Amino acid sequence: MRHDLATHVLRIAAIGTAIFGLALMLAPHTQIEPAVLAFVDIAFLPFDGAQDVDHEVTQLMLAISGGVLIGLAVAVWQVTTLIFPRDPALARRILLPTLLAWYVPDSLGSVLSGAPFNVVMNTGFLALFLIPLLLARTAPSGDQQIRTE
């Protein structure tokens with residue numbers, strides 16, 4: 001995968017992550033609540049409409065997790081834009097542990113919370129980032145290197 005295509009895919013994934021984080025944060029307070037409820041209901045299979053986001057603790061956790069996802073999206077965007085074109089190996093060394101630091105506890109917590117299907121959804125989401133990062137390893141890199149001192 002060429003670096004410019006990888007950069008484009010990573011930016012799209014970052015934008016999608018930010019939009020999803022914003023949706024989580026806003027859901028209990030807007031008309032997009034049914035969409036987020038559907039996502040939560042899928043995570044807690046079977047799809048039965050049993051979940052809600054009416055409790056204030058749930059709303060707080062949605063706000064916090066939404067904000068963290070937006071922060072992750074900004075970090076991915078910045079590394080993709082500022083580092084990846086010049087030093088893809090350094091960008092991978094930054095992003096891979098960052099993404100795994102989200103994926104592992106999110107997935108483990110999902111299983112412990114009785115929502116194991118969220119691991120499947122997390123894996124698809126993680127693939128949006130990992131595929132371009134890993135496939136771009138074989139593409140030629142840019143001429144400039146970013147100093148990391």
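Start by selecting glutamate 33, which sits in helix H2, residues 33-43 (helices are DSSP runs of H or I, at least four residues, and strands are E runs of at least two, numbered from the N terminus). This is a predicted model, where local features need pLDDT of at least 70, side-chain atom pairs count only at pLDDT 80 or more, and totals for chains, interfaces and linings use all residues. Residues are numbered from 1 along each chain as its sequence is written, and side-chain values use heavy atoms, with hydrogens and water left out.

Now show what glutamate 33 touches: leaving out residues up to four places away in sequence, you get Ala27, Pro28, Val53 and Asp54. Contact here means heavy atoms within 4.5 Å.

Zoom out to the whole chain. There are 5 helices and 0 strands, and the C-alpha atoms fill a box of roughly 55 × 25 × 25 Å along the principal axes. Buried residues are 33% of the 149.

Last, color by pLDDT, the predictor's confidence in each residue from 0 to 100. The chain mean is 91, with 91% of residues at 70 or more. Then select residues 142-149: pLDDT stays under 50 there, and the model has 11 contacts for them beyond four places in sequence.

Conventions:
Buried means under 20% relative accessible area, exposed over 50%, partly exposed in between (1.4 Å probe, protein chains only).
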